[in-house]
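Work through the exercises below with the structure open beside you. Try each task before you read its solution.

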Amino acid sequence: MKIDKGVPLPVHLAERVEVGDLPLKKMKVGDSIRVDAQSQKELERKLLSCRMRTSRFAKKHRHYKFKVARGTDDSGPHLRIWRVSRAN
């Protein structure tokens with residue numbers, strides 16, 4: 001195999017967003033987490049990332065279920081993750 005130098009990182013990898021650690025395992029039904037974003041574009045990327053992370057987590061931990069939604073208020077764009085009952 002040959003080692004290449006100076007090959008740029010693909011845009012979809014270079015523009016990944018960092019959401020940080022989500023305390024999903026500590027959440028009780030009815031709890032929520034707010035994740036702030038600097039722009040609408042960053043919000044959409046974080047929204048997709050959080051939906052994927054909560055989906056993967058719920059597949060491993062069958063008694064967990066989450067809802068993720070976007071919002072905007074005076075402090076700017078954000079999303080919120082709620083832990084909901086499995087009955088929903």
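**Exercise 1. Decide whether Asp73 is buried, partly exposed or exposed, then find its salt-bridge partner.**

Step 1. Take the classes: buried means under 20% relative accessible area, exposed means over 50%, and partly exposed lies in between (1.4 Å probe, protein chains only).
Step 2. Asp73 has 36% relative accessibility, so Asp73 counts as partly exposed.
Step 3. Look for a salt bridge, that is, a side-chain nitrogen of Lys or Arg within 4 Å of a carboxyl oxygen of Asp or Glu. The side chain of Asp73 meets that of Arg34, with N and O 2.9 Å apart.
Step 4. Arg34 is in strand E1 and Asp73 is in strand E2, so the pair ties together parts 39 residues apart in sequence. Helices (H or I, at least four residues) and strands (E, at least two) are DSSP runs, numbered from the N terminus.
Step 5. Check the partner. Arg34 has 29% relative accessibility, so Arg34 counts as partly exposed too.

Two notes on the source apply throughout. This is a predicted model, in which local features need pLDDT of at least 70 and side-chain atom pairs count only at pLDDT 80 or more, while totals for chains, interfaces and linings use all residues. Residues are numbered from 1 along each chain as its sequence is written, and side-chain values use heavy atoms, with hydrogens and water left out.

**Exercise 2. State how many salt bridges the structure holds, and describe some of them.**

Step 1. The total is five.
Step 2. One of them joins Glu44 and Arg70, at 3.0 Å from N to O. Glu44 sits in helix H2 and Arg70 in strand E2, 26 residues apart, and the pair links distant parts of the chain.
Step 3. Both ends are partly exposed: Glu44 has 31% relative accessibility, and Arg70 has a relative accessible area of 46%.
Step 4. Now look for shared partners.
Step 5. Another salt bridge links Asp4 with Lys2, their closest N and O atoms being 3.4 Å apart. Asp4 and Lys2 are both exposed.

**Exercise 3. Work out how the strands pair.**

Step 1. Two strands pair if DSSP finds at least two bridges between them.
Step 2. E2 and E3 are antiparallel and pair over eight bridges. A hairpin of two residues connects them. Asp73 stands opposite Gly76 in E3.
Step 3. E1 and E3 also run antiparallel, joined by five bridges. Here Arg34 has Arg80 of E3 as its bridge partner.
Step 4. Follow the side chains along E1. Ile33 and Val35 point to one face and are buried.

**Exercise 4. Find the largest nonpolar core and the elements that supply it.**

Step 1. A nonpolar core is a set of buried Ala, Val, Leu, Ile, Met, Phe, Trp, Tyr and Cys residues joined through side-chain atoms within 4.5 Å.
Step 2. The largest one has 16 residues. Those with the most contacts inside it include Leu22, Cys50, Phe66 and Leu79.
Step 3. E1 (32-36), H2 (40-60), E2 (66-73) and E3 (76-83) each supply at least two residues. H2 gives the most, with four.
Step 4. Inspect Leu79. Contact means heavy atoms within 4.5 Å. Beyond its neighbours within four places in sequence, Leu79 touches residues including Ile33, Val35, Leu47, Cys50 and Val68.
Step 5. Inspect Phe66 in strand E2. Phe66 is buried, at a relative accessible area of 11%. Leaving aside neighbours within four places, its contacts include Leu24, Met27, Phe57 and Ile81.

**Exercise 5. Describe the protein chain as a whole.**

Step 1. The chain has two helices and three strands, in the order α-β-α-β-β.
Step 2. Its radius of gyration, taken over C-alpha atoms, is 16 Å, well over the 12 Å that the globule rule gives for 88 residues, so the chain is more spread out than a compact globule. The rule is 2.2 Å times the number of residues to the power 0.38.
Step 3. The C-alpha atoms fill a box of roughly 55 × 40 × 20 Å along the principal axes.
Step 4. Of the 88 residues, 31% count as buried.
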